[in-house]
Amino acid sequence: MSSVVRPDGAEKLAGRAVYGTDLDVPGMRWAALVPAPVAHGRIRRLDLAGARALPGVVAIGPKELAELLPGAAGDPERPLFPPDEIAYLYQPLAAVAAPTLAAARAAVGRVHIEVEPLAVVADLESVFPEWPGSEAGGSPHVAAHVRARHGPVDAAFAAADRVVRETYRTGSIHQVALEPHACLAEWQDGTFRVRTSTQSPFGVREDAASILGVPESSIVVEGTWVGGGFGGKGASLLEPYAMALAVAARAPVRLALSYAEEFRLGRTTLPSVVRFETAVTDGRIAARRVQLLLDVGNSLPGRDFATGYAIGFLLGPYRTPAFEIEGYAVRTNKPPFGPHRAPFAPQCAFMVESHLGEVARQIGVDPEEFRAAHLWRSGDTTPLGQPVGAFGLGAALDAARATARRWRAEAPPGRGIGVGVGFWSTSTGAGAEVRLRLAPEGLTVVQGEREIGSGSVLVGVRAVAARATGLPPGRIGIEYADTARAPYDSGVFGSRTTAAMGRAVLEAWAALRTTLAERLRLPPDTLLALAEDGPAIVVEGGGRRAPVASVLTAEERGAGGLETKGRHFGSGGAIDPQRVLDGSFYPYTDFTGAAHVADVSVDRATGAVRVERYAAFHDLGTTIDAASARAQVEGGIAMGLGTALTEEALWDDSARLENPGLLDYRIPTLGEVPPIEVTLLPGHPGAGPFGAKGIGEPPIIPVPAAVAAAVADATGAHVTELPLTAERVARALKLL
Amino acid sequence: MSRPPLRLTVNGAPHELPDVPGEERLLDTLRWRLGMKGTKEGCRTGDCGACTVLIDRTSVLACLTLAHEVEGGSVTTIESAGEPTLERARAAFQAAGALQCGYCTPGFVVALAGLLAERGASVTEEELLDGLQGNLCRCTGYAAIVRAVRGAREGAP
């Protein structure tokens with residue numbers, strides 16, 4: 001029985017929870033970053049003397065950094081400060097620390113910078129005005145090139161009844177975690193201690209060590225409460241600056257971004273252009289060609305993660321007998337591309353669903369029927385040759401279509417009902433370790449992630465431990481430890497946390513059970529469980545019932561309990577290497593699907609779209625905690641409505657972000673999110689404990705597709721650009 | 001000539017604060033002068049509502065309020081204990097599970113408490129929701145918050 005009451009509720013509701021922005025220690029200095037004045041240029045002079053002349057100010061640039069931390073040049077591809085060439089506007093060229101924030105900002109204003117401006121690449125379409133040939137893979141403007149092919153593509157196109165060609169464009173979005181990035185670094189006796197708001201304390205340690213050229217063993221990272229992550233707090237952003245300044249200032253240094261800086265420096269999803277060609281024969285997809293140009297900003301060659309990952313989503317969860325797919329990661333003078341809840345997957349789902357809808361309309365069949373007829377089913381193989389395994393999207397789509405039929409029957413005139421689908425994977429592949437500590441009074445999971453809000457750690461991992469051991473969740477503690485004390489975990493992202501850490505919990509519990517069986521002189525595979533007995537915990541099974549206190553050694557009782565360790569390094573399925581012609585494609589761990597229904601009204605004068613109600617059907621395998629899963633679906637849908645309708649970071653010709661604030665970058669407000677019906681569908685087990693699947697990202701993926709289908713249903717407007725702002729809908733309706 | 005000390009009451013405790021510059025914002029006075037970090041700093045431009053506090057019984061954005069504007073006034077923050085409408089709002093948020101990361105939560109709870117105190121027992125659910133339009137949440141999709149608001153209104157003493 002899952003409860004909606006959150007274990008972290010009391011602390012957060014009392015205002016006692018300490019986030020990154022709240023960090024404050026005696027003697028602390030306040031830091032600020034010195035922003036590049038152009039998006040592309042050569043640094044002719046960087047003079048920090050004016051800043052240093054202010055009382056109590058330390059200022060560091062590339063030269064000072066090399067003296068303070070000689071290893072900091074160890075990773076020339078990721079310099080803390082660019083020594084020569086500026087790659088994007090506001091890129092930090094130097095950093096200052098001062099006794100107050102006002103003094104730090106004043107010091108930034110005293111830094112003298114001379115720059116020789118270079119040509120700015122603001123728009124990926126200016127790099128490739130004509131669609132590139134495969135030889136463009138070697139261009140300095142391309143960070144990655146991926147290409148895959150399978151089946152008789154050319155023959156299928158030549159013999160097709162009809163070929164549908166379309167081009168789509170998607171915009172740039174930002175995570176908009178309400179807490180901007182913030183951290184505090186201290187340096188004492190050669191050891192860094194960093195407190196930060198992060199989705200990955202171990203990731204920050206690894207990044208910071210690499211960027212500063214210091215051993216990981218010299219860095220201890222401690223997570224604070226996290227005021228929203230959504231992918232934006234998965235890697236280090238500010239920590240290495242604060243750490244270097246702490247060495248220079250010989251004092252604790254706090255560095256936090258203003259919200260405008262959060263928009264300007266954040267790593268997130270950038271624009272794309274996608275070309276689809278679909279060959280149809282006898283009412284079925286015979287072959288597809290898909291080409292992707294993805295803006296990856298200042299991502300360096302070999303460092304692009306997005307293209308090979310995202311491109312798999314552009315084929316959609318559909319049977320495709322022959323295909324050719326190609327993607328270019330195009331470098332521009334923007335900050336590097338970074339993950340945003342299900343990176344680029346909602347955009348891909350929007351494009352695939354809208355395009356296949358258009359194909360269906362052109363051949364005169366029902367768009368939902370057309371998609372259902374091609375949907376992957378359990379046991380299918382993906383176009384890239386990976387087995388799909390247990391996949392519940394068919395059931396989800398059937399349920400969504402039933403709701404859509406009902407809503408269409410009762411909809412007032414002018415309303416539109418749309419269905420969209422998407423798929424995702426529970427990314428358990430990244431490593432997870434936990435320790436279980438059994439004490440006479442309770443069981444504790446010792447682990448290294450802070451709860452970022454989804455409930456994946458405090459609710460999910462606890463629920464897995466409860467289900468495995470038989471103890472009620474209330475008797476299971478979740479202990480957070482910093483990177484010096486915690487077992488390793490790769491981070492809270494990829495819908496992996498409860499799944500991967502949960503699998504590690506199961507392994508630690510198996511080890512604990514074996515030890516307990518030995519001590520009770522039972523066969524090692526005896527199915528033991530834990531139970532409450534008043535304030536004490538007892539071990540039960542194999543005809544025995546013994547207080548935990550009686551099976552622990554005196555040393556273990558004194559040390560707080562008996563500990564075992566569990567780890568989980570899942571493996572992705574295999575992609576057929578024969579189908580891959582260039583670059584890296586990412587295999588999925590399992591497949592989870594979702595089908596959504598949107599009911600919209602469209603203002604016929606302005607093109608403004610209002611979502612009136614919404615329903616979501618999710619293939620979740622075994623539900624670990626229904627209340628948290630529902631909360632993830634509700635929140636993910638609201639975020640997806642922003643991606644669908646209003647959220648767009650606008651870059652001008654000089655690669656300057658035009659709307660770095662919440663007034664002009666519009667996320668959904670309370671009055672704009674409709675009532676949402678959530679249905680969790682069991683029956684198709686995934687890679688998590690007890691057959692669970694992840695639920696952090698799937699809810700955002702089908703939203704723009706469902707909304708676009710509803711807008712088309714209401715008005716006939718076929719919009720091929722995301723977001724569907726009032727202006728774009730009005731243009732499609734020829735109102736502008 | 002130096003400015004007289006700033007006098008204000010925060011959650012019932014009187015404070016007399018010397019040397020508060022004229023441009024200091026109430027948000028910074030609370031967070032950095034008084035060390036009360038429960039009031040959150042989000043956008044600092046009045047767009048997100050995370051820094052909502054009550055002055056007397058009216059909710060204001062502490063990031064857009066100069067500390068000296070509140071001279072002689074009474075400020076209620078999320079750290080307040082025992083204030084009846086705040087406790088009601090807090091209990092409703094806990095019962096509905098209306099929080100995830102928790103960063104917008106103090107602003108929502110304080111704003112809801114202000115609406116309950118200002119409008120009294122006759123307040124409608126629609127009025128309460130309307131009064132919270134200026135508070136942004138990125139995690140919950142507002143669904144659980146709407147349930148909490150319903151609970152807080154029905155839980156009227």
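## Chain B: order of elements

Along the sequence, chain B of this predicted model runs β-β-α-β-β-β-α-α-α-α. That comes to five helices and five strands.

## Chain B: size and packing

The C-alpha atoms of chain B fill a box of roughly 55 × 30 × 20 Å along the principal axes. Chain B has a radius of gyration of 16 Å. A compact globule of 157 residues would have a value near 15 Å, so the two agree.

How much of chain B is buried? Of its 157 residues, 55% count as buried. Contacts also reach along the sequence. Take those in chain B between residues at least 6 apart: 64% of them join residues at least 24 apart.

## Chain A: domains

Domain 1 of chain A gives six residues to the contact, and domain 2 of chain A gives eight. What classes of residue does domain 1 of chain A bring to the side that touches domain 2 of chain A? Three are nonpolar, three are polar and none is charged.

## Chain A: helix α19

Helix α19 of chain A covers residues 703-715. Its 13 residues should span 18 Å at 1.5 Å a residue. The end C-alpha atoms of α19(A) lie 18 Å apart, so the span agrees with expectation.

Is α19(A) mostly covered or mostly open? Mostly covered: 13 of its 13 residues are buried. Just after α19(A) comes A:G716, with a positive phi of about 80°.

Key: Residues numbered from 1 in each chain as written. Chains lettered and ligands numbered in written order. Predicted model: local features only at pLDDT ≥ 70, side-chain atom pairs only at ≥ 80, totals over all residues. Contact = placed C-beta atoms within 7 Å. Nonpolar A, V, L, I, M, F, W, Y, C, P; charged D, E, K, R; others polar. Helix = DSSP H or I, 4+ residues; strand = E, 2+ residues; numbered from the N terminus. Expected span 1.5 Å × (residues − 1). Buried ≥ 20, exposed ≤ 12 C-beta atoms within 10 Å, placed from the backbone. Rg over C-alpha atoms; globule rule 2.2 N^0.38 Å.
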